[in-house]
Amino acid sequence: MTDTSIRTRFAPSPTGMFHVGNARSLLLNWVVAQQSGGTMVLRIEDTDAARSRPEWTEGILAAMAWLGVDSTQYEGPYSQTEHADQHTEAAQRLLKEGLAYYCDCKREQVQARRDNPNLGYDGFCRDRGLEAGPGRALRFRIPEGGPTVVEDQIRGRVEFPHEALEDFVIARGDGTALFVLANVVDDVEMGITHVIRGEEHLSNTPKQQLLWQALGHTPPVWAHAPVLVNDKRQKLSKRRDKVAMESYQAEGFLPETMVNYLMLLGWAPGEDREIMPIEEMIPLFDLADVNSSPAFFDEKKLRAFNGDYIRALEVDEFVKRCAPYLEGEGVPWRPEDFDADVFARIAPLAQSRVAVLSEVVPNVDFLFLDSPVFDDKSWAKAMKPGIGAEMLTAAIATYSDESLDWEPESLKGALEQAGAAQGLKLGKAQAPVRVAVTGRTVGLPLFESLELLGRERTLERLRAALERLNA
């Protein structure tokens with residue numbers, strides 16, 4: 001049974017990047033709306049003019065679309081600044097009804113009266129009857145008694161004693177509303193029934209619930225998802241951790257991987273499964289099943305997930321997904337030297353080895369460069385005395401034989417024989433050849449790579465490496 005009256009809202013602030021925590025909140029709101037047949041509303045919280053730019057809003061929309069939540073999946077976007085008149089009207093209504101009052105106290109005055117800088121506002125202006133004027137903020141009057149009880153779908157019953165809540169500011173001296181009031185007014189006007197967001201907003205919830213009630217409305221369903229932490233159990237920080245969704249997208253994480261992984265931060269679908277498309281998660285998800293404990297954002301696990309998703313792609317789809325990394329700006333080869341047919345032939349090998357799409361480039365660059373880019377550590381390891389020059393010489397002689405079929409099994413067998421003549425097993429025998437041809441000790445299967453590179457280019461690189469070694 002669906003409930004089309006359910007209206008969730010995703011309300012990000014434009015900050016120049018799309019935080020993984022925002023992405024998780026987006027998905028939770030979208031999933032609850034989807035499973036109920038309801039609506040997710042997108043509202044851009046742009047009241048901070050200094051931090052709001054049109055291109056940042058466009059970035060939010062682009063990141064959402066990349067995750068699969070495009071303009072057909074939500075109502076909006078709305079801009080909070082478009083409703084400034086309603087915010088001011090609500091503030092004045094609260095003033096007229098005696099639920100708010102003007103205050104001209106400065107922070108240092110409050111601190112001087114309280115002898116403790118950690119204590120909040122002391123209610124000094126509650127009964128002074130001040131009128132509006134420059135430097136006078138409008139404060140909401142916390143009701144006597146209490147507490148305010150927040151029934152949270154994830155955290156359960158949370159009580160906030162009123163003696164611990166200060167009379168908080170809802171409008172500045174110039175009359176503009178603060179976020180705490182603007183947020184509530186917008187939610188009321190838009191008919192929001194469910195507010196699903198990160199745990200960091202829980203401390204604002206008693207204030208917002210009081211405002212909902214003061215404005216004569218029933219508060220929404222609250223749900224605060226667990227905070228995301230790093231491997232040191234510290235809250236994710238953009239100054240310290242990789243948190244921008246754009247970074248993961250640029251690195252080559254698949255959107256379906258990100259959606260799957262983000263949904264598992266604090267929740268599990270059961271059935272001993274973790275890899276699961278969002279379409280299968282939607283009917284299984286329940287806010288009440290989300291764990292309130294901090295959720296570890298494990299990038300290593302995310303990479304492993306992504307590798308699984310990459311390997312599950314059809315080869316043609318993998319090739320398509322790799323295109324931006326192979327043909328765009330910043331590739332190490334000349335655009336005219338890239339051969340799509342050659343890449344299509346080696347793609348299955350690359351697909352089985354990379355964890356993110358950007359790793360394809362260093363795995364295949366040797367095919368499209370005039371000469372390989374040598375990794376110094378790889379060179380030093382493979383070209384040791386008694387192995388490097390000897391195996392390069394042997395490989396040149398072996399692969400110069402025109403009667404040798406230029407296909408993987410023949411190339412492998414011939415090099416294995418050449419190595420045995422030097423007293424080396426294949427693993428050690430092939431290392432100098434791999435580095436000479438690809439520039440690295442680790443990469444795609446060597447003999448399939450040689451087949452695609454061709455006899456002439458392979459011999460050219462082996463001779464160049466020997467010359468460099470003997471120089």
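Select strand β5 (residues 137–140); strands here are DSSP E runs of at least two residues and helices are H or I runs of at least four, numbered from the N terminus. Both faces of β5 are covered: Ala 137 and Arg 139 on one side, and Leu 138 and Phe 140 on the other, are all buried (under 20% relative accessible area, with exposed over 50% and partly exposed in between; 1.4 Å probe, protein chains only). The model is predicted, with local features requiring pLDDT of at least 70 and side-chain atom pairs pLDDT 80 or more, whereas totals for chains, interfaces and linings use all residues. Residues are numbered from 1 along each chain as its sequence is written, and side-chain values use heavy atoms, without hydrogens and water.

Tyr 101 has Arg 139 as its bridge partner in β5. Then show strand β8 (residues 169–171), antiparallel to β5 and joined to β5 by two bridges. Here Arg 139 is partnered with Val 169.

Move to helices α11 (residues 315–327) and α12 (residues 340–351), whose axes come within 10 Å and cross at roughly 100 degrees. Axes are lines fitted to C-alpha atoms over the stretch in contact, with angles from 0 to 180 degrees between N-to-C directions. The two helices are therefore roughly perpendicular to each other (65 to 115 degrees; under 35 is roughly parallel, over 145 roughly antiparallel, the rest oblique).

Notes
Pairing = 2+ DSSP bridges.
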